[in-house]
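Here's a quick tour of a protein model for someone new to reading structures.

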Amino acid sequence: WRVETAVYVVFEAVLGLLPLAWVATIGRGMGAMAHRCLAGRRRIVRRNLRIALAGERSIAEVDELVAEVFRRSGANLMCSLRTADRGERSLARAVVL
């Protein structure tokens, strides 16, 4: 667990050196890779979206939404690591509503 912790701390420190927009872009890329690699998870997300949208979207639209879910999840994960130690003022500057 010490090695895992050290890797995490170094990774978080490296992210802290990068602009938030870059971190989000990296996260989107990682999410896109996860979308390609995690077929089981992709099926679950697709099924959940089909249930939630109940025929409101075509299969192609649902598939694009599935890919976007993965991209946004990757960006959110990376940005949360990047902003975990930020103060309220710093976060307020970074967040766009």
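Let's start with Glu-68 and Arg-72, which both sit in helix α4, 4 residues apart, or about one turn of the helix. (Helices are DSSP runs of H or I with at least four residues, strands are runs of E with at least two, and both are numbered from the N terminus.) The two residues form a salt bridge, with their closest N and O atoms 2.8 Å apart. A salt bridge here is a side-chain nitrogen of Lys or Arg within 4 Å of a carboxyl oxygen of Asp or Glu.

Before you go on, note that this is a predicted model, where local features need pLDDT of at least 70 and side-chain atom pairs count only at pLDDT 80 or more, while totals for chains, interfaces and linings use all residues. Residues are numbered from 1 along each chain as its sequence is written, and side-chain values use heavy atoms, with hydrogens and water left out.

**Salt bridges**

- How many salt bridges does the rule give? The count comes to 5.
- Glu-68 counts as buried because its relative accessibility is 17%, whereas Arg-72 counts as exposed at 52%. (Buried means under 20% relative accessible area, exposed means over 50%, and partly exposed is in between, using a 1.4 Å probe and protein chains only.)
- Another salt bridge joins the side chains of Asp-63 and Arg-46, at 2.7 Å from N to O.
- Asp-63 lies in helix α4 and Arg-46 in helix α3 (residues 39–53), so this pair ties together parts that are 17 residues apart in sequence.
- Both ends of that pair are partly exposed: Asp-63 has 29% relative accessibility, and Arg-46 has a relative accessible area of 23%.
- Which residues are linked in a network of salt bridges? They are Arg-28, Glu-64, Glu-68, Arg-71 and Arg-72.
- As background, side chains of opposite charge can pair when their charged atoms come close.

- You'll find Arg-71 in helix α4, which covers residues 59–83.
- Is Arg-71 buried or exposed? Arg-71 is buried, because its relative accessible area is 19%.
- The side chains of Arg-71 and Glu-64 meet in a salt bridge of 2.7 Å, N to O.
- Glu-64 counts as partly exposed, since its relative accessibility is 45%.
- Leaving aside neighbours within four places in sequence, Arg-71 is in contact with Gly-27, Arg-28, Gly-31, Ala-32 and Glu-64. (Contact means heavy atoms within 4.5 Å.)

**Nonpolar cores**

- The largest nonpolar core has 7 residues: Leu-15, Val-23, Ala-24, Ala-75, Met-78, Cys-79 and Leu-81. (A nonpolar core is a set of buried Ala, Val, Leu, Ile, Met, Phe, Trp, Tyr and Cys residues joined through side-chain atoms within 4.5 Å.)
- Helices α2 (20–37) and α4 each supply at least two residues of this core, and the largest share, 4 residues, comes from α4.
- Ala-24 is in contact with Ala-75 and Cys-79, if you skip its neighbours within four places in sequence.
- There is also a second, separate core of 6 residues, including Val-45, Leu-49, Val-66 and Phe-70.

**A nonpolar patch on the surface**

- Trp-22, Ile-26, Met-30 and Met-33 form a nonpolar patch on the surface, with about 410 Å² of accessible area together.
- Patches are made of residues with over 30% relative accessible area and no salt bridge, with like charges joined within 9 Å and nonpolar side chains (Val, Leu, Ile, Met, Phe, Trp, Tyr) within 5 Å. The accessible areas come from the Shrake-Rupley method with a 1.4 Å probe, and for residues only the protein chains shown count as cover.
- Ile-26, one of the patch residues, is in helix α2 and is partly exposed at 37% relative accessible area.

- His-35 is in helix α2, and His-35 is buried because its relative accessible area is 18%.
- Not counting residues up to four places away in sequence, His-35 touches Arg-42, Val-66, Ala-67 and Phe-70.
- Gly-74 is found in helix α4 and is buried, with a relative accessible area of 12%.
- Gly-74 touches Gly-27, Arg-28 and Gly-31, again not counting residues up to four places away in sequence.
- How far apart are Gly-74 and Ser-58 in space? They are 25 Å apart, C-alpha to C-alpha, and 16 residues apart in sequence.
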